[in-house]
Amino acid sequence: MTGALEMREVSKSYGDGATLVHALREVDLSVTAGELVAIMGPSGSGKSTLLTIAGTLEEVTSGHVLIGGNDVSNMSRDDRARSRRRSIGYVFQDFNLLAGLTAAENVALPLELDGIRAKQASIVARGALEELGLGERAGHFPDELSGGERQRVAIARAVVGERRLLLADEPTGALDSVNGEAVMRLVRTACKRGVAGVVVTHDSRLASWADRVIFLRDGRVIDQTLPPPGPESLLAPIPEQ
Amino acid sequence: MSVRHALLALLSEGPKYGLRLRQEFEGRTGEVWPLNVGQVYTTLQRLERDGLVESDDAGEDGPQKGFRITAAGSEELDLWLHTPPRMGTPPRDELVIKVLVSLRVPGVDVADLVQAHRRLLVEEMQYYTRLKEDAPEEDVGLLLVADAEIYRLDAVIRWLDTADSRLTRLDLAHQEKATPVSPRPRRATEARK
């Protein structure tokens, strides 16, 4: 399996002297295509920093970040921006849809930024929305959609085209539990199609959708869950009540 | 879990054979609440003794014996459905006691202990979430039961998170000689009751 995302001994600090803060300390993380990883930890543990660094939105203080095998720390600013646009999709708690664009136009936007012609981008975007059960809402503006629908549009936008890494920061934050679950099912579906997913959350119910849960404390990876039991566990006797 | 009332509920739909009762009970809660075979038949015997169900008196005990609910059984079922469950504090919450006790044990890093339990609970929660993920949408029984388990685990994890930050704030979470992080006593699925 190729590592869709590799972080090697990544450290990030802010400020200096008395105000020096170590947000991440020598974090190693590898996420393969098709895998969904959740990052849990208390406020200030470095979860969101980890996500912005994985998404190449911030530079590391030391260490390396590889997206699809390419070391982004060696890239020029322009190359990094291009790589980010083409390979990484983001989902945020507050959806971040552009209010003046329809659902389909929001989803098509990253494709157009990649240089795909508007008409073609629109066809691909509508296809992505249809897959998420939003075909009939494609022409609606964000304020005409429910919270759950908006987040589905945001997920469609994040995985449209050839994006192979999906990064999500509390993606179900404002949604009720049933809509939140629907969002996680979509993230899982995207991962089953070969997208690597990283979800940052403080909510264990959300994290439990992941194949692997990684725990951060004070900028360090302190622990992680075991991989799910294989088929052989089905042969094990059921424990007595 | 009241097997007794679950069986009364299944019989409230109409008369059924013992074998079918067992299959339906397992069909509705199966993976989450496995029931041993004998439990169904002994419970049915007791329900009959108490006049809450009647059986085909000719038939022998076993899978082919038919049962139907009596008027008293229906009344009992209705009363049970409307009686609030006991939600008081359990007599002793083992995890709370473990964390409390660990504060007094030299050499134990409470934050690591809390993390070890947190991870086991999250692994158990992953098990139930996978059950939900694989379950068809119309399998309402399984989905509701899995949700209940997930929320129960979620409450315990939140308590651990709160304990963690409370102890950290008071500088009680870490000891000088920290134990290695989190021994792995067993898998989460094995840890289920």
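Modeller: Start with Gly15(A), which sits in the loop between strand S1 (3–14) and strand S2 (21–32) of chain A. Helices (H or I, at least four residues) and strands (E, at least two) are DSSP runs, numbered from the N terminus. This is a predicted model, where local features need pLDDT of at least 70, side-chain atom pairs count only at pLDDT 80 or more, and totals for chains, interfaces and linings use all residues. Residues are numbered from 1 along each chain as its sequence is written, while chains are lettered from A and ligands numbered from 1 in the order in which they are written.

Biologist: Why is Gly15(A) called exposed?

Modeller: A residue is buried if 20 or more other C-beta atoms lie within 10 Å of its own, exposed if 12 or fewer, and partly exposed in between, with C-beta atoms placed from the backbone. Gly15(A) has 9 other C-beta atoms within 10 Å, so it is exposed.

Biologist: Which residues does Gly15(A) touch?

Modeller: Leaving out residues up to four places away in sequence, Gly15(A) touches Leu20(A) and Val21(A). Being in contact means that the two C-beta atoms, placed from the backbone, lie within 7 Å.

Biologist: And Gly89(A), what makes that one count as buried?

Modeller: Gly89(A) has 25 C-beta neighbours inside 10 Å, so it counts as buried. Gly89(A) lies in strand S6 (residues 88–91) of chain A. Its contacts, not counting residues up to four places away in sequence, are Arg157(A), Ala158(A), Val159(A), Arg163(A) and Leu166(A).

Biologist: What makes you call H5(A) mostly covered?

Modeller: In H5(A), 11 of its 13 residues are buried. Among them are Arg157(A), Ala158(A) and Val159(A). The buried residues of H5(A) pack against S6, helix H3 (103–113), helix H4 (118–131), S7 and H6 of chain A.

Biologist: How do you know that the length of H5(A) is close to what is expected?

Modeller: The expected span of a helix is 1.5 Å times one less than its number of residues. H5(A) has 13 residues and reaches 19 Å from its first C-alpha to its last, close to the expected 18 Å. Helix H6 (residues 177–192) of chain A, with 16 residues, reaches 22 Å, close to the 22 Å expected.

Biologist: What do the buried residues of H6(A) pack against?

Modeller: They pack against strand S3 (36–40), helix H5 (147–159), strand S7 (165–169), strand S8 (196–201) and helix H7 (204–207) of chain A. Val183(A), Leu186(A) and Val187(A) are among those buried residues. Just after H6(A), Gly194(A) has a positive phi of about 110 degrees.

Biologist: Over to chain B: how many helices and strands are there?

Modeller: Chain B has 8 helices and 3 strands, and 25% of its 193 residues count as buried.

Biologist: Why is H6(B) called roughly antiparallel to H7(B)?

Modeller: Helix H6 (residues 110–134) of chain B and helix H7 (residues 140–169) of chain B pack at an angle of about 165 degrees, with their axes 9 Å apart. That angle makes H6(B) roughly antiparallel to H7(B). Angles under 35 degrees count as roughly parallel, over 145 as roughly antiparallel, 65 to 115 as roughly perpendicular and the rest as oblique.

Definitions and conventions. Axes fitted to C-alpha atoms, helices over the stretch in contact; angles between N-to-C directions.
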